[in-house]
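Reader: I am new to reading protein models. Could you show me how to do it, feature by feature?

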Amino acid sequence: MDKYDRRPAVFQNNALIDCKNRTMNEKQTKLYYLGLRKMVSDLPNSSQEKRPEFTGSLMVYIPKSELVSRFGAKWVQNDLYKEVDVMMSKAKIKIKTDNGKWALFNIFSYVTYEGEKLTIKFSDDIAPYVLHLTKGCFTKVPLDDVMKLKSVYSVRLLELMLKVINGTKKRKFTYEDLRDFLNVTDGEYKRIDSFKQKVLDAPIKEVNEKTEYLLDYEPTRTGRKITGFDMTIKRKTGREKQEQAKEEKKISAVVKSLMKLDEVVKTAGISEKEALKSLQAKYQLTDKEMMVALKEAKRLKKAISAL
């Protein structure tokens, strides 16, 4: 548990943190987190930090207003029903039980969206792991950080490493175990270079850019073959946070200018390529930073046109 982070958080039994083959995508994972958080906030006088052992109902309700604020009205209207169907029929988790054996459980016994609220009931199978948190055997995951992340791999890597944030800040994974922890199926990313690029590098970059934490890893080898990964986590320092905020502010200013690029091109009588070069020089952007800004401006334009 990160004792230095006082933001709203979800506390999870470490058996859930160290689960394998959790079959939920990014949106389903976020709904899962909202359900866990709501379940605890519904308990009388609940405080997970002060009272780590508690019992309560497995049924929770998330109002439409909260779903809209988290995911947007369009997604709630058009896509939530599909995610609910998948959560109900396919969401499973593999947990290491008290006898040391792995068991596959359904995560939910009931999920439905009725237009004004989302109802989630966690399955009886995982009730002991959801409702009972023994002191020292649970991990605190900041809810805001989870909601910022767009990759389910990012969420899982952050979860796995937050388990050791107040301890060694290091974890060793075999390649096979890490694939299972991240629910990478046998047919996905078979080549180690594609696994590193898609499952580790891009998600770690997202965690480092969007959360309060910094992740890193080093491959471990048996001979010349990569057989595992040593991962580390640390909290960002005040200076690192300031530098990140400064960088985000600069990119935001560039994105605003890019949104008006057509107008600039027309008024100044220059080509789009010249306008982009001028903008890059004005804000002293690297090519990589310029690509980030262009991608964000494109995303915003697409979102606006869909309204």
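Author: Gladly! Let us begin with pairing: two strands pair if DSSP finds at least two bridges between them. Strands (E, at least two residues) and helices (H or I, at least four residues) are DSSP runs, numbered from the N terminus. In this structure, Lys225 in S10 is the bridge partner of Thr222. S9 and S10 run antiparallel and are joined by ten bridges. Before we go on, this is a predicted model, where local features need pLDDT of at least 70, side-chain atom pairs count only at pLDDT 80 or more, and totals for chains, interfaces and linings use all residues. Residues are numbered from 1 along each chain as its sequence is written, and side-chain values use heavy atoms, with hydrogens and water left out.

Reader: In what order do the strands S8, S9 and S10 form an open sheet?

Author: The order is S8-S10-S9, with antiparallel pairing. Strand S8 (170-174) and S9 are the edge strands, each pairing on one side only. On average, neighbouring strands of this sheet are turned by 20° against each other, direction ignored. For such angles, axes are lines fitted to C-alpha atoms, for helices over the stretch in contact, and angles run from 0 to 180 degrees between N-to-C directions.

Another open sheet of three strands has the order S2-S6-S5 and antiparallel pairing. Its edge strands are strand S2 (59-63) and strand S5 (108-113). Five bridges pair S5 with strand S6 (residues 117-122), and Leu118 in S6 is the bridge partner of Tyr113.

Reader: How many aromatic pairs does a search of the whole structure find?

Author: Rings of Phe, Tyr and Trp (its six-membered ring) pair if their centres lie within 6.5 Å; planes under 30 degrees apart count as stacked, over 60 as edge-to-face and the rest as tilted. The search finds twelve aromatic pairs. In one of them, Tyr217 and Phe229 have ring centres 5.7 Å apart and planes at 75°, so the pair is edge-to-face. Tyr217 is in strand S9 (residues 213-222) and Phe229 in strand S10 (residues 225-235), twelve residues apart. Tyr217 counts as buried at 12% relative accessibility, and Phe229 is buried at 0%. Elsewhere, Tyr32, Tyr33, Phe108 and Phe122 form one aromatic cluster.

Reader: Which helix gives the largest share of the lining of the largest pocket?

Author: Rolling a probe the size of a water molecule over the atoms shows where empty space is left. The largest share of that lining, eight residues, comes from H11. Other helices that each supply at least two lining residues include helix H2 (26-41) and helix H14 (287-305).

Notes:
Buried means under 20% relative accessible area, exposed over 50%, partly exposed in between (1.4 Å probe, protein chains only).
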